[in-house]
Structure formats: C-alpha cells, structure tokens
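I opened this entry to keep track of what I looked up in the structure.

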Amino acid sequence: VTMFFVAGADIIQFLLLIAGGGITVVLVVARTPYLAERIFGYLRDPMAPNSDAGYQIVQTIIALGSGGFLGRGFGLGVGKFGFVPTPQTDGIFAMLGEELGLVGSWAVLALFLMLAYRGFRIAANTRDEFGQLLATGITVWLITQAFVNVGVVTASIPFTGVPLPFISYGGSALVAALGAIGVLLSISRYGGEEVKEKDARFDFGWRNGGARVSSTSHRRRTSEERAARAHN
C-alpha cells in the first residue's frame, strides 16, 4: 500500500484500496472466532488475566518493566523460563527490556530509526524510479514489522505474532531481512547513476512496443536536426 501511494496512486484508487482492505479485514475477523475474541478483548481490557491474549500481554509487560533502567544483565532475565510466551520470537523485545533495561530498549529503537532514516535517504537520492520504490518498500516493510513487534509487547496494539527483524530467532525471517538489506545497499551504491533507458521495453522482434504517435521531444529533436543540416 505504501509503495502504491508513493508511486503516485490516484486518490480515488487509493481510497478504494483502503476501503476494500478494511472490509476484507472486518469479514475475516468476523468469521474467525479467536481473532474476534482477541481484538474485542483488547478493546475491552487488554490486561484482563482471564483471556489468553490478556495473559500474554500481562507477562510481557511484567518482563519489560522488571528490567528497570539498566536491566538485570545480559542473559539473566527470568521471563523466558515459562512466563513470557515465545520469548525468542514474538516476545523478544520484552526480553531485551528485562535484560538490558530502558537504555537497551531505547538503543534498539534508535537503531531501527537509524535504519528508517538511511533507507528513506537512499530512496530519496536514487535517480531510478524503480530503485526509489524498491528502497521505500524495503524500508517500510522492515520498520513496520519492527514497530508492530514493539507495539505488541507494549500493549499498544492487539497481540499478534510478528518477529523483530535481525533480533528474533528464526532462519527464514533472518535470511529475508538480510537479503533485503543487501538489495538496499546495492541501490545505495548504484542508485545515483543515470538510467540509460528509462522506458526500455522488451524487443519482440516485430515491433518495438512503443507508442505509435511520436513524442514531443522526438519531434523537437527531429526539427533541430533538420535546421542544423539546412544551416550547414
């Protein structure tokens, strides 16, 4: 959705997309009992201990707050021993808060903000339109995923399973995130170069696939060439 907006989506198309997506989400939640229970339970009381989602949120908040300012120390947290659900993936930020404290949590958030700044700066400095959209999409993907994980742990949004990029345990998620960063670095290295053929099309051999009506720049260039020949 972000790439569609940045690419210059028409406002009517964008609103229709948002409306269609919202209706789809409502229908899916209405037809899935555990999703509806989780969302409505969060809206009523996210800290209610009598629901599964409430238990998860309570435990992550306890672990996050028990670290204090400097934390218990790296590897010394106790929330991972059966208290915080999935402490190695969904609840990893709670473990960071418990073991590294408020300072460590802020440091992790600062790193993600730095990643967002660098990603958007790469997108802004890239001359290739495709590179701009790709850099924007990669940056928004990683940053959104990170802050959804943080929002879940801090009870800012309903509990859902989203790993924290580069930090949560898992092979496929880490490989995807590292691959995305590699692409982002490639865009940063070569994105400042001029694109030789902005509107290049595949040559099928029988026609060039271009518009039948010559462009204004082509007509202007042809007129200038004729004038130069006449002058010579």
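Areas are Shrake-Rupley values with a 1.4 Å probe, and for residues only the protein chains shown count as cover.

I noted the basis too: the model is predicted, local features need pLDDT of at least 70, side-chain atom pairs count only at pLDDT 80 or more, and totals for chains, interfaces and linings use all residues. Residues are numbered from 1 along each chain as its sequence is written, and side-chain values use heavy atoms, with hydrogens and water left out.

Val103 sits in helix α5. Its relative accessibility is 38%, so Val103 counts as partly exposed. My classes are buried under 20% relative accessible area, exposed over 50%, and partly exposed in between (1.4 Å probe, protein chains only).

**Whole chain**

I counted eight helices and zero strands. Both are DSSP runs numbered from the N terminus (helices H or I, at least four residues; strands E, at least two). Of the 232 residues, 32% count as buried. The chain exposes about 15,300 Å², with carbon and sulfur atoms supplying 64% of it. I also looked at contacts (heavy atoms within 4.5 Å). Among those between residues at least 6 apart in sequence, 64% join residues at least 24 apart.

**Cores**

Which residues have the most contacts inside the largest nonpolar core? They are Phe93, Phe112, Leu115, Ala135, Leu142 and Leu164, in a core of 26 residues. Helices α5, α6 (129-153) and α7 (171-190) each give two or more residues to this core. α5 gives the most, with 11 residues. A second, separate core of five residues includes Tyr42, Ile57, Val152 and Phe159. A core is a set of buried Ala, Val, Leu, Ile, Met, Phe, Trp, Tyr and Cys residues joined through side-chain atoms within 4.5 Å.

Beyond four places in sequence, Leu115 is in contact with Thr139, Leu142, Ile143, Phe166 and Ile181.

**Helix α6**

Ala146 lies in α6. I call Ala146 buried because its relative accessibility is 1%. Ala146 touches Phe112, Leu164 and Pro165, residues up to four places away not counted. Ala146 and Leu109 are 37 residues apart in sequence, yet 8.8 Å apart C-alpha to C-alpha.

Asn149 is also placed in α6. Is Asn149 buried or exposed? Asn149 is buried, because its relative accessible area is 1%. Its side chain reaches the backbone oxygen of Val162 at 2.6 Å. I used polar contacts as N or O pairs within 3.5 Å; within protein, one atom must be able to donate a hydrogen and the other to accept it, and residues adjacent in sequence count only if both atoms are side-chain atoms. Contacts of Asn149 beyond four places include Thr89, Asp90 and Phe93.

**Glu99**

I ended in α5 (residues 92-125), where Glu99 lies. Glu99 counts as buried because its relative accessibility is 9%. The Glu99 side chain reaches the backbone nitrogen of Gly77 at 3.3 Å. Beyond four places in sequence, Glu99 is in contact with residues including Leu70, Arg72, Phe74 and Lys80.
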